[in-house]
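Please read this briefing alongside the model, taking one topic at a time.

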Amino acid sequence: MTKSTVSKYIDKIANKSSNNNHIYRGQSKDYGGVTSTAFRRFKKSGRSNPSKEEYFEYHNDLIKDAKSYRYGKELNDTELLIDLQHYGAATGLIDFSEDFLIALWFACNNIDTDGKIFFLDVWSNEKRYNHLEPGTDLFKEANYQDNLYYLHTNFKNNNRIFAQKGVFVFSYQDINKNLKSITIKKGDKQTIRQELKQYFNIEEKTLFQDIYGFSQVNNTEHKLNIKSASDYFEEAYDENNLEKTIALYQKAIEIKPDYHEAYNNMGNAYAKLGGDENLNL
């Protein structure tokens with residue numbers, strides 16, 4: 001039996017990983033490794049190598065400024081930073097997922113280039129990752145040391161993080177020396193996205209489950225998902241409201257006038273609506 005494309009990449013990651021204690025990050029192209037948006041902001045401002053003190057001061061100022069606008073009054077500093085990252089602020093947090101398949105979806109975002117999946121062992125003692133549990137305030141723990149921090153947040157409070165099984169790494173250090181990676185070939189990306197949707201229910205609308213994500217999925221950059229006759233047929237078949245069922249079959253027939261199954265099922269629905277309980281759709 002021929003393996004699915006997704007299965008081939010599952011095998012690849014298994015061959016490069018000695019255990020199951022990894023977290024994963026998918027990038028749609030190879031940017032030369034993994035860096036935080038905070039470091040990228042420093043670089044764009046002409047400061048490629050900020051000191052540790054400057055790096056932490058940047059975050060303290062960012063949080064202080066956000067609080068001056070009365071954002072996140074009920075959150076501790078770390079939780080507020082996660083919210084700021086969520087809405088696009090440049091922070092030292094780097095998004096990972098506990099689920100390889102979710103990272104694979106992100107790696108396939110752009111089908112015009114090869115992608116990358118980076119994976120990281122945050123449980124090894126020699127890598128010195130400090131684990132911060134939900135509710136812990138990073139900025140009361142981090143004291144300008146070179147330590148690496150792994151944040152397993154209370155993601156049930158955030159629908160998007162929950163859907164993406166999201167976790168974060170925070171560090172002043174370059175984390176790339178601790179990363180392993182595999183390449184996702186651009187020619188496989190479209191097939192992978194289809195398989196992830198069909199077999200695992202992993203797609204844009206299931207991964208971005210908040211009002212911001214919903215709005216982004218429905219912005220001008222996304223083509224309209226125009227329903228086909230088959231879509232209306234399947235929707236009608238699952239509908240328990242007979243009047244709505246009939247209306248859906250009618251829409252299917254408008255698109256495909258020779259849709260004989262839709263005519264037949266719509267006739268059954270009309271009959272049942274008229275009181276013949278022995279007729280089924």
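The model is a predicted one, and it holds 16 aromatic pairs.

**Two crossing helices**

- The axes of helix H3 (residues 52-68) and helix H4 (residues 77-86) come within 10 Å and cross at roughly 85°, which makes H3 roughly perpendicular to H4.
- On the H3 side the contact is made by His59, Leu62, Ile63, Ala66 and Lys67, while H4 contributes Asp77, Leu80, Leu81 and Leu84.
- Sorted by class, this contact of H3 with H4 has 6 nonpolar, 1 polar and 2 charged residues.

**Aromatic pairs**

- The rings of tyrosine 24 and phenylalanine 119 have their centres 6.4 Å apart and their planes at 35°, so this pair is tilted.
- Because tyrosine 24 lies in strand E1 (residues 22-27) and phenylalanine 119 in strand E3 (residues 115-121), the pair ties together parts that are 95 residues apart in sequence.
- Tyrosine 24 counts as buried at 11% relative accessibility, and phenylalanine 119 is buried with a relative accessible area of 1%.
- Phenylalanine 42 and tyrosine 55 also form a tilted pair, with 6.2 Å from centre to centre and 35° between the planes.
- Phenylalanine 42 belongs to helix H2 (residues 37-44) and tyrosine 55 to helix H3, 13 residues apart.
- Phenylalanine 42 is buried at 13% relative accessible area, and tyrosine 55 is buried at 0%.
- Ring pairs link Phe39, Phe42, Tyr55, Phe56, Tyr58, Phe170 and Tyr172 into a cluster.

**A charge over a ring**

- The charged end of lysine 256 sits over the ring of tyrosine 259, at 4.5 Å from the ring's centre.

How values were computed
Residues numbered from 1 in each chain as written. Predicted model: local features only at pLDDT ≥ 70, side-chain atom pairs only at ≥ 80, totals over all residues. Heavy atoms only, no water. Axes fitted to C-alpha atoms, helices over the stretch in contact; angles between N-to-C directions. Helix = DSSP H or I, 4+ residues; strand = E, 2+ residues; numbered from the N terminus. Parallel < 35°, antiparallel > 145°, perpendicular 65-115°, else oblique. Contact = heavy atoms within 4.5 Å. Nonpolar A, V, L, I, M, F, W, Y, C, P; charged D, E, K, R; others polar. Phe/Tyr/Trp six-rings, centres within 6.5 Å; stacked < 30°, edge-to-face > 60°. Buried < 20%, exposed > 50% of the residue type's maximum accessible area, 1.4 Å probe, protein only. Lys NZ or Arg CZ within 6 Å of the ring centre and 35° of its normal.
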